[in-house]
Amino acid sequence: MAGKAAAPGTAVLLVTANVGSLFDDPENLQKNWLREFYQIVHTHRPHFMALHCQEFGGKNYEASMSHVDKFVKELLSSDAMKEYNRARVYLDENYKSQEHFTALGSFYFLHESLKNIYQFDFKAKKYKKVTGKEIYSDTLESTPMLEKEKFPQDYFPECKWSRKGFVRTRWCVADCAFDLVNIHLFHDASNLVAWETSPSVYSGIRHKALGYVLDRIIDQRFEKVSYFVFGDFNFRLDSKSVVETLCTKATMQTVRAADTNEVVKLIFRESDNDRKVMLQLEKKLFDYSHQEVFRDNNGTALLEFDKELSVFKDRLYELDISFPPSYPYSEDCSQGQQYMNTRCPAWCDRVLMSPSAKELILRGGDARDTGGPSARPPCSRAAHGSRRLLESTLSTAASRTRPSATR
């Protein structure tokens with residue numbers, strides 16, 4: 001479980017976090033988040049670190065611009081990061097363009113002891129040595145060191161634009177070539193709609209978008225390499241099955257709108273015990289009376305309802321989950337281990353990898369899918385809570401754990 005790589009290994013830390021709320025309350029949430037992030041860096045001391053952020057800048061990006069600049073400056077200049085003398089930062093700040101804006105932020109930090117690291121230029125189709133610290137923002141479409149796409153408009157629910165898409169970068173570290181993909185998939189707009197069918201209509205939309213990403217990163221334009229896709233997938237538990245299981249002995253009451261007869265609320269009551277309310281379900285309400293089921297034993301009892309990744313079982317791999325659902329934690333700093341009652345808790349934030357990346361981690365082998373430099377088998381671990389991460393250390397073991405959920 002040690003984060004420091006055994007020589008001559010290279011420790012790689014992959015972190016993903018939806019940070020939208022940090023810019024709504026920077027004095028509290030952002031300060032606490034950065035403190036936790038720095039503690040993770042101090043504990044594991046990676047040589048190469050990737051931080052993938054979604055909803056960067058918050059809901060009102062224009063009003064949060066000053067907070068964005070402060071956040072980036074803090075990350076690049078803090079004492080906790082002083083040993084990382086090279087960095088690349090890619091921020092999608094073009095919020096005025098509905099056609100292109102994804103609100104994704106990708107940060108890459110290189111330790112001073114790490115030699116000869118290269119990043120791929122997608123336009124020139126060759127690697128370039130990484131030196132210094134550079135920040136790219138606004139129009140990332142013209143930056144040759146990455147590929148950025150917003151999903152086609154017909155992929156969006158009801159064809160309404162929202163900030164969903166992906167950013168891809170390619171690296172060569174210790175003779176290992178690999179892609180890192182920052183991704184944000186579609187959320188569940190209504191708990192009531194999600195409950196109607198199994199699987200839900202939202203699950204189908206996410207599958208279509210993720211399939212689009214995978215097809216893009218393995219097409220014929222560039223050499224195929226191992227890849228890690230990590231971000232906010234918005235994967236949800238199968239809502240209909242979860243509700244049926246949690247409320248097996250309950251009776252359901254349906255509340256409809258007087259003017260449209262549309263279902264606006266479902267109330268599940270215990271058959272006895274004075275017909276106590278177990279669950280109330282509305283468009284943006286999931287109020288379950290026994291929330292501890294999502295935390296007990298890291299929510300293991302609910303893993304059978306985490307089905308969305310199974311569609312890609314031959315294309316994506318994930319280490320065993322041994323941490324509670326990562327969403328939706330309370331944004332109240334004093335209630336950091338509580339879930340909000342807006343959505344059914346779920347493992348939305350994930351670190352996934354290609355089959356060749358799995359081989360690289362679990363058994364070692366060739367870093368490329370079609371020929372290339374070899375690497376030592378890495379040791380991996382992931383931690384989820386207020387931040388989610390996977391650490392890969394180029395050594396010899398594999399494990400997964402969870403840090404405290406302090407926010």
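Helices (H or I, at least four residues) and strands (E, at least two) are taken here as DSSP runs, numbered from the N terminus. In these terms, a hairpin of 2 residues joins strand β14 to strand β15. The model is a predicted one, with a mean pLDDT of 85 over the chain. This briefing covers confidence, one sheet, the helix set against that sheet, and one helix pair.

**Confidence**

- Of the residues in the chain, 87% reach a pLDDT of 70 or more.
- Residues 1–8 stay under 50 in pLDDT, and the model gives this stretch 20 contacts beyond four places in sequence.
- Residues 364–407 also have a pLDDT below 50; for them the model contains 176 contacts beyond near neighbours in sequence.

**The four-stranded sheet**

- The strands follow the order β12-β13-β14-β15 in an open sheet of 4 strands, and their pairing is antiparallel.
- β12 (250–256) and β15 form the edges, each pairing on one side only.
- On average, neighbouring strands of this sheet are turned by 15 degrees against each other, direction ignored.
- In general, the strands of a sheet pair through backbone hydrogen bonds, in either a parallel or an antiparallel manner.
- Between β12 and β13 there are 7 bridges, and these two strands run antiparallel. Val255 has Lys265 in β13 as its bridge partner.
- Strand β14 (residues 277–282) is joined by 4 bridges to strand β15 (residues 285–288), again in antiparallel fashion.

**Helix α5 and its cover**

- Helix α5 spans residues 239–246, and its buried residues are Ser239, Ser241, Val242, Val243 and Leu246.
- The cover over these buried residues includes α3 (191–196) as well as the strands β13 (263–270), β14 and β15.

**The α1–α2 pair**

- Helix α1 (residues 26–44) packs with helix α2 (residues 65–77) at an angle of about 20 degrees, and their axes lie 12 Å apart.
- Because angles under 35 degrees count as roughly parallel, α1 and α2 are roughly parallel to each other.
- The crossing of these two helices, α1 and α2, is right-handed.
- On the α1 side, the residues in contact are Pro26, Glu27, Gln30, Trp33, Leu34, Phe37 and Tyr38.
- On the α2 side, they meet His67, Lys70, Phe71, Glu74 and Leu75.

Notes: Residues are numbered from 1 along each chain as its sequence is written. This is a predicted model: local features need pLDDT of at least 70, side-chain atom pairs count only at pLDDT 80 or more; totals for chains, interfaces and linings use all residues. Side-chain values use heavy atoms; hydrogens and water are left out. Two strands pair if DSSP finds at least two bridges between them. Buried means under 20% relative accessible area, exposed over 50%, partly exposed in between (1.4 Å probe, protein chains only). Contact means heavy atoms within 4.5 Å. Axes are lines fitted to C-alpha atoms, for helices over the stretch in contact, and angles run from 0 to 180 degrees between N-to-C directions. pLDDT is the predictor's confidence in each residue, from 0 to 100. Angles under 35 degrees count as roughly parallel, over 145 as roughly antiparallel, 65 to 115 as roughly perpendicular and the rest as oblique. A crossing is left-handed if the near helix is turned anticlockwise from the far one by less than a right angle, and right-handed if clockwise.
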